[in-house]
Amino acid sequence: MLDENAPMYGIRREKVCAPALNSGMFLAMKEQGDVLATFVGHDHDNDYAVYWHGILLAYGRFTGGPTEYTNLPNGARVIELTENSKVFRTWIRTAKGVEQLTICPDDYLKK
């Protein structure tokens, strides 16, 4: 379950639709100890990122043609990594420019 108080950046118009069966994938990423983030394709009207138990979970942006969910302009999530660093930047790129530029984990830590 998503912590409603966790720092989040982006657009969240729909609730998380987690599967009924817990596959253990998130626990496996945590136990690995070196997973910084995971990124998934669009979820209709969501493109947000949230820092959950030390791992950034981030949606991309809708990139295809018309569907029932075309409330966001097309775009893409960009991830910029720096060699030998656990800090990275991510943002949404659209035809109009950059949106939601964040530095992880800094921007997601509660202040």
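# A first look at the chain

The protein chain carries 12 positive and 14 negative side chains, and the centres of those two sets sit 4 Å apart. Keep in mind that this is a predicted model. There are one helix and seven strands to find your way around, and from the N terminus on they come in the order β-α-β-β-β-β-β-β. The radius of gyration is 14 Å, close to the 13 Å that the globule rule gives for 111 residues, so the chain is as compact as a globular protein of that length.

**Overall build**

- Taken along the principal axes, the C-alpha atoms fill a box of roughly 40 × 35 × 25 Å.
- Of the 111 residues, 31% count as buried.
- The accessible surface comes to about 7,500 Å², and carbon and sulfur atoms account for 55% of that area.
- If you look at contacts with a separation of 6 or more, 46% of them link residues 24 or more positions apart.

**The nonpolar core**

- Seven residues make up the largest nonpolar core: Ala49, Tyr51, Leu56, Ala58, Phe88, Cys104 and Tyr108.
- Two strands, β3 (49-52) and β4 (55-59), each supply at least two residues of this core.
- Tyr51 is a handy place to start exploring: leaving aside residues up to four places away in sequence, Tyr51 touches Ala6, Pro7, Leu56, Cys104, Pro105, Tyr108 and Leu109.

**Two leucines in loops**

- Leu21 sits in the loop between β1 (8-9) and α1 (25-32).
- With a relative accessible area of 70%, Leu21 is over the 50% cut-off, so Leu21 counts as exposed.
- Leu21 and Gly97 are 76 residues apart along the chain, and their C-alpha atoms are separated by 38 Å.
- Leu36 is in the loop between α1 and β2 (37-40).
- Leu36 has 29% relative accessibility, which lies between the 20% and 50% cut-offs, so Leu36 counts as partly exposed.
- Not counting residues up to four places away in sequence, Leu36 touches Gly54, Ile55, Leu56, Ser85, Lys86 and Phe88.
- From Leu36 to Asp106 is 70 residues in sequence and 13 Å in space, C-alpha to C-alpha.

**Backbone details to look for**

- Cys104 and Pro105 are joined by a cis peptide bond, with omega at about 10 degrees.
- Pro105 lies in the segment after β7 (97-104), and Pro105 is also one of the residues that Tyr51 touches.
- His53 is not a glycine, yet has a positive phi of about 50 degrees. You'll find His53 in the loop between β3 and β4.
- Asn84 is another residue other than glycine with a positive phi, here near 60 degrees.
- Asn84 belongs to the loop between β5 (75-81) and β6 (88-94). Its relative accessible area is 80%, so Asn84 counts as exposed, the cut-off being over 50%.

How values were computed:
Residues are numbered from 1 along each chain as its sequence is written. Side-chain values use heavy atoms; hydrogens and water are left out. Helices (H or I, at least four residues) and strands (E, at least two) are DSSP runs, numbered from the N terminus. The radius of gyration is taken over C-alpha atoms; the globule rule is 2.2 Å times the number of residues to the power 0.38. Buried means under 20% relative accessible area, exposed over 50%, partly exposed in between (1.4 Å probe, protein chains only). Contact means heavy atoms within 4.5 Å. Accessible areas come from the Shrake-Rupley method with a 1.4 Å probe; for residues, only the protein chains shown count as cover. Lys and Arg count as positive and Asp and Glu as negative; His and the chain ends are not counted. The place of a charge is taken as NZ of Lys, CZ of Arg, CG of Asp or CD of Glu. A nonpolar core is a set of buried Ala, Val, Leu, Ile, Met, Phe, Trp, Tyr and Cys residues joined through side-chain atoms within 4.5 Å.
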